[in-house]
Amino acid sequence: MPQQDIVKIAIQMPGAYPQLIQLDQKKPLSAVIKEVCDGWNLPGPENYALQYADGVQTYITESNRLEIKNGCILRLTKAPGRCAEDLYKGIQSSDSGVRCDSLKQLASVSTDVTFAQEFISRDGHLLLVKIVEDSNEVPLIMTHTLTGFMELMDHGIVSWENLSAEFIKKIASFVNAKAMDASIQQVSLAILESMVLSSSSLFQLVKQEVTMERLLSHLQVTNQQIQTKAMALLMALLQTAGDADRQELFVFLAKKNLRQYIYKNIIHSSASVGDEMAHYLYVLQSVTLNHLELRMRMPLDSYNQDQREILHNLRQAAFETESENSLSNERRRSLCAKEFKKLGFSNNSNPGQDLLRTPPGLLALDTMSYFASRYPDAYSRFVLENSSREDKHECPFARGSIQLTLILCEILRIGEPPSETGSNYHPIFFSQDRLLEELFCVCIQLVNKTWKEMRATQEDFDKVMQVVREQITRTLSSKPTSLELFKNKVNALNYSEILKLRQTERLHQEETLAPPVLELKERLKPELLELIRQQRLNRLCQGTLFRKISSRRRQDKLWYCRLSPNHKVLHFGDVEEETETPAIEGLQEKIPVADIKALLTGKDCPHMKENKGKQTKEVLDLAFSITYDVEEYSLNFIASSRIDFCLWTDGLSVLLGRDMSSECMRSELEILLSMEIKLRLLDLENVPIPDNAPPVPKPPSNYNFCYDFSQTEQ
């Protein structure tokens, strides 16, 4: 006989030694039970059944017997039908003690579907309904009755809609009563929740019978179980309601300030919130915020006068302009376009085009307008500060606002249905009206702050917004309970802190790597560092255009510097504005690399010391110099971007025999290491890798397949 047909198990019975048997899965279960009963000399095997002894004590049936594993411990117990019959009689006993014990046991065994079917087949559930309707029992017996009824109904054998209106009203009266046993109210709330979720007709009946004021009052009690069940019923009502009923409920809850109820009585007063309550808070947050979805999905309508007026109000609030009525149409359009550009719109002649993207759609216009009207000083300061920055270094308010609104929508999961298992609620939501708008007002100023910390240009926009997303996400994950606390935490989490956190997490990940992987990483580093060094020297050989800085005005003259192909001489000289990459022969000045004594950066540079106090931080961060001829002479640079600064300082360090130290080098090394390790660990499934590169194929006979870009598409 195959081994899988035999399962070795132990069977227990109170007052008897356990039996160790080999269960034949092909033999009828009734025959197995008879053999067990014979082993203990028990008559009437039809009155017995097998049940798991540990964990969930489920009855063994023909349908679930294959789940029995080797080593399982089973128990010989009353058959479900016999147990159901005994409890049915016990519940009707005139002795209250017998009734209480029977109902308590019923609440326990009703979790098993096999027993539930037997008990319901005897109309046992109707017996429980009658006990509730008569309402003559003491609180303990009533609690056991309601618990047993709830467990029976959870199997879906009987429809909730078959219950009488009188029974439903009685359960609602338990919830509405001001003086009622807490255990009864807790189970009654759970029963009403199941009713509401089962059908729309029961939703209407429960909504009619349960007073909402009383439901809210359950959120103020100290009993966390009642709080949780009351919140569960409230969420069931909101989720099951039709549009009209849901709107009515929202209006009522808004008037009662439900969020303040929750913040004061659940979040603020409790040391911790249970998992079930956390889920309901998450659902409430999701359902409430999703009213913003319509605005998020709606693009701006260029023909909508109200929307156009909001756009122009943004512009007028930022700039004190001369009376536009006295200007010609052409002059007015030119002025508007100029100011919309300063506001950070990509399409300054028609800024509405920037708001066609959905999401965030009109929600981005709403948040910008809210910020401008709610915090006019901060709004004006943001716009005017960036209007005065040099080109490419200004932080675009409109573009940043549109992207930030989208980020907040994604973090708060606006427009997404609540997950059945979700529990990631934000306590700040319950302490703050108009959470999205207020978060936006804090975070748009954070965008400007982070932009300056990163010394960003327009090309760095996406990088800045990624950092801002990380700042917001990390701060919200710490569960701040107020907007002020969020503001303090998110502003403390500056760009340098983000870099430190990333480095710490990366080191932690490396520590968890297997030793062979770490060894591989160390072996690869020298080869990849050499690759970066060669790239830096090649970049110096290509050369770079620099601007001279005069005492009168920046961006006066241009000069070019490049390294000779043999890496022995630096050639430099003045060039004209339109000059492309000049030949080395055209650069009159030169410095032998062997004569270079030192590389200086920032405020240590001679040209920064000469204009001490006059240079901005941006210029200081892009300045570097080399000294030569016993440090009496220097060649001074101002890089056009942070990338050029890193490339040149790294390249000059290589020429001087020093280690590269720029942030670009560290980032590139990490990327190359990650890619190389992934390639080395890639499972190639025995695919041979050739030693030599494959030959370049012959060119095609014609190039008719190429697209002709000279032809304008119709």
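Start by selecting Phe371, Ala372, Ser373 and Arg374 in helix 18, which meet Pro376, Ala378 and Tyr379 in helix 19; contact means heavy atoms within 4.5 Å. Five of the residues in this contact are nonpolar, one is polar and one is charged (nonpolar: Ala, Val, Leu, Ile, Met, Phe, Trp, Tyr, Cys and Pro; charged: Asp, Glu, Lys and Arg; polar: the others, Gly among them). Helices (H or I, at least four residues) and strands (E, at least two) are DSSP runs, numbered from the N terminus.

A quick note before moving on: this is a predicted model, where local features need pLDDT of at least 70, side-chain atom pairs count only at pLDDT 80 or more, and totals for chains, interfaces and linings use all residues. Residues are numbered from 1 along each chain as its sequence is written, and side-chain values use heavy atoms, with hydrogens and water left out.

Next, the rings. The structure holds 24 aromatic pairs (Phe, Tyr or Trp rings, the six-membered one for Trp, with centres within 6.5 Å; planes under 30 degrees apart are stacked, over 60 edge-to-face, the rest tilted). Pick Phe546 and Trp648: with centres 5.5 Å apart and planes at 75 degrees, they are edge-to-face. Phe546 sits in strand 5 and Trp648 in helix 29, so the pair ties together parts 102 residues apart in sequence.

Now show Phe624 and Phe637, a stacked pair at 4.4 Å centre to centre, with 10 degrees between the planes.
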